[in-house]
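Morning, everyone. Let me put the model up, and then we'll walk through how it is built.

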Number of protein chains: 2
Amino acid sequence: MAQGDNRKVTLKDVSKASGLSLITVSRALRQPETVHADTRARIQRTIDEIGYIPNLTARSLVSQRSDMIGVVVPILASSLFADFAQGVSRVLEPEKQQMLLAVSDWSPQKEEEAVRTFIARQADAIIVTGFSHSDTTRKLLGKFSGPVVEAWNLRDSVIDSAVGFDNYAAAVEMTRYLIGRGYQDIVMVGGASHHNDQAEDRTRGFVDAMRGAGRSVTQDTIVEFDNPATIEGGVALIQQLLGRKRKPDAIFFLAELPAHGAMLWCMSNGVSVPGDVAIAGFGDLSLSALLPVPMTTVQIKGRDIGERSASLVMDRLEGRADSAASHDIGYHLQIREST
Amino acid sequence: MAQGDNRKVTLKDVSKASGLSLITVSRALRQPETVHADTRARIQRTIDEIGYIPNLTARSLVSQRSDMIGVVVPILASSLFADFAQGVSRVLEPEKQQMLLAVSDWSPQKEEEAVRTFIARQADAIIVTGFSHSDTTRKLLGKFSGPVVEAWNLRDSVIDSAVGFDNYAAAVEMTRYLIGRGYQDIVMVGGASHHNDQAEDRTRGFVDAMRGAGRSVTQDTIVEFDNPATIEGGVALIQQLLGRKRKPDAIFFLAELPAHGAMLWCMSNGVSVPGDVAIAGFGDLSLSALLPVPMTTVQIKGRDIGERSASLVMDRLEGRADSAASHDIGYHLQIREST
DNA sequence: GGGGCAATGATACTCGTATGTCAACGGAAA
DNA sequence: TTTCCGTTGACATACGAGTATCATTGCCCC
């Protein structure tokens, strides 16, 4: 420990050191206008001298506000969720709010545990990823007294409010685009949709668009991988797909990293993109536009989702609210040369 | 709000609903062995029924522990710091500790603000990035009563403990390697070293290694960019460098993303790597090994740094300590084909 | 001299949980 | 019958900050 000896400095210590009563010191901080300027200055000097830092734990017990906001993301490492979290943090910082961040690893149980802890810590608001929750989580969030945001997707049944984009529509649009380009053997590669509404809606979008165009969707049309999505996973998948007797002429990756992996493998192995196979991704990391063959993908602004989620929460906490509506951040089809 | 009406359920409510006294209920939770099993079961049933969740804020006021650990990172989006934060979170989760995460944006002022808030919130421990702090931050952390970890670098003067790797040595080693490969015009590209000990030490390592080998280091030898380091920045930098009358034959990027940008630009523009110019990075993202010309870089395990930092903190909080030593996570020169 | 006001203080209580001390009850063992 | 233990309860107090109420100064003005 740095210097374990120093006991905590409390308001009472400030009162003693300054020779003023506890209430006056308290007032100087809470209702400065009721205290003489000289007195205030004297108190401020004492605070600086003895290094008083208010105990927010005690304060929040009284004020019934913790000024903390709980956020659950499924993963942080090399993903857009890091942008998301940073966006949240960026909005919270000037508002003197702190972010409690939990990583759920796509596990409903871990999410539930995180939510329970947030509530126990009196978080003022809770932001979770997506709509796939355990029953208990749903119950906890339903009873929770503050704003709740389900981020990254949009659906009709919302616990409280949602900020995200229409994953289903995005997948539909990309799929239609690929069909329109004339590709005959389109394969979709997506993350496991078990307990993952985003993967589920994207997959549904793909299937509906395919069937809507009279294309058949068989077991071979859809390939699943386990989260987290990685570049390496993409390398493995492209090899598997190009090794089939019936090779796909277009692959729609529902995540950006595997798409990169596939692109890189093709580049390294003399497979022409989009000549031999077209590749589309989902997410639009900055790398995508800079590849030798710039990659077609669905652009998503993770940072915007974070900022809007946090703004929504703050607006409602501060009464600047806005009802508990859903916010569509949108997405954008980035057509580039890989398709 | 989800259902603003529901007031908070307290221990007292459990006591009333169960017909047992407050102390018995409290004991059932704190010292279960002193309460009859039947009574405990009855209490548990009531808790489940009325949905009691203990108020950790109140608890920590008494226990003088918050079970929260403050973490400051300079950036989260597309960086190894996301791996780091996830590593921290992964270790804290089973220990029932929560992570308070703040993003400083490389600003000592924001870092100071974050540290002050962590202390005000009674965080049990604080993990910051690096050794570059404001005087006040240093003072605050010095007086702080819990474990303090400065992560991502190693130096002699530590506030309390450090977990990281020797940035100086890593840069020296890479530079020596490049010199050994016979490159004559080596240029280093690094982030601004103002308020950034990592950039500072890496730059120092480069300069010392160059001078140690009798190479001159001029204004042209070192190029600085503003953080955050981006792929796009690398694209701009490589063009600038290859546009010089005297072109470098090797470029050592002190960050991975700009190195990727440079590699991609070269690939797209017919510049041969390492034929025309050699490129080395720092960080080793998974992409680096999979580029058509796999990239030489310094491998760093951000996740390990996070996990070790959190383990160190937990060991000391739980008395399983280990003194406040520094922990060297190490680094590894990944020699690949780009040099 | 009395009224009014600004500034400060004293006392008591709140928030939700935890704990220490002591009391009371029932049943079993001595 | 007495003693002791296990179990439960009552009461007081603490943690640190904040508030409501009422009291006490000192000063200015009419």
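Through what surface do the copies meet? They meet through the same surface, because 100% of the interface residues of chain B are also interface residues in chain A. Contact here means that the C-beta atoms of two residues, placed from the backbone, lie within 7 Å.

Quick housekeeping. This is a predicted model; local features need pLDDT of at least 70, side-chain atom pairs count only at pLDDT 80 or more, and totals for chains, interfaces and linings use all residues. Residues are numbered from 1 along each chain as its sequence is written, while chains are lettered from A and ligands numbered from 1 in the order in which they are written.

Now the symmetry. Chain B superposes on chain A by a rotation of 180 degrees, with 0.0 Å of shift along the axis and an RMSD of 0.1 Å. That is the relation of a two-fold axis. Which residue of chain B comes closest to the rotation axis? Leu100(B), with its C-alpha at 2.4 Å.

Back to the interface. 60 residues of chain B are in contact with 60 residues of chain A. On the chain B side, the elements that each supply at least two residues include helix 4 (56-63), helix 5 (80-92), strand 2 (98-103) and helix 6 (108-120). Strand 2 of chain B gives the largest share, six residues. Helices and strands are DSSP runs, numbered from the N terminus: H or I with at least four residues for helices, E with at least two for strands. By class, that side of chain B has 31 nonpolar, 22 polar and seven charged residues. The nonpolar class is Ala, Val, Leu, Ile, Met, Phe, Trp, Tyr, Cys and Pro; the charged class is Asp, Glu, Lys and Arg; the others, Gly among them, are polar.

Stay with strand 2. Strand 2 of chain A pairs with strand 2 of chain B, antiparallel, over three bridges. Pairing requires that DSSP finds at least two bridges between the strands. Leu100(A) stands opposite Leu100(B) there.

Twelve strands form an open, mixed sheet in the order 11(A)-5(A)-4(A)-3(A)-1(A)-2(A)-2(B)-1(B)-3(B)-4(B)-5(B)-11(B). Strand 11 (327-328) of chain A and strand 11 (327-328) of chain B stand at the edges, each with a single partner strand, so one side of each has no neighbour in the sheet. Inside chain B, strand 3 (125-129) and strand 4 (148-151) pair in the parallel sense over four bridges. Thr129(B) has Ala151(B) in strand 4 as its bridge partner.

What lies across this region? Helix 5 of chain B lies across strand 2 of chain A and strands 1 (68-73), 2 and 3 of chain B, at about 170 degrees to strand 1 of chain B. Axes are lines fitted to C-alpha atoms, for helices over the stretch in contact, and angles run from 0 to 180 degrees between N-to-C directions.

Next, a second sheet, in chain A. Four strands form an open parallel sheet in the order 7-6-8-9. Its edge strands are strand 7 (222-225) and strand 9 (278-280), each pairing on one side only. Neighbouring strands are turned by 20 degrees against each other on average, direction ignored. Strand 6 (186-191) and strand 8 (250-253) of chain A pair over four bridges, and Val189(A) stands opposite Phe253(A). Helix 8 (167-180) of chain A packs on this sheet, touching strands 6, 8 and 9, at about 170 degrees to strand 8. Helix 9 (197-212) of chain A also packs on the sheet, touching strands 6, 7 and 8, at about 170 degrees to strand 6.

Last, two helix pairs. Helix 10 (231-242) and helix 11 (256-268) of chain A pack at about 55 degrees, axes 6 Å apart. That makes helix 10 of chain A oblique to helix 11 of chain A. The cut-offs: under 35 degrees is roughly parallel, over 145 roughly antiparallel, 65 to 115 roughly perpendicular, and the rest oblique. Their contact has ten nonpolar, five polar and one charged residues.

Then chain B. Helix 2 (22-30) and helix 3 (37-50) of chain B pack at about 95 degrees, axes 10 Å apart. That makes helix 2 of chain B roughly perpendicular to helix 3 of chain B. Thr24(B), Val25(B) and Ala28(B) meet Thr39(B), Arg40(B) and Ile43(B).

Technical notes. Copies are superposed by least squares on the C-alpha atoms of residues with pLDDT of at least 70 in both.
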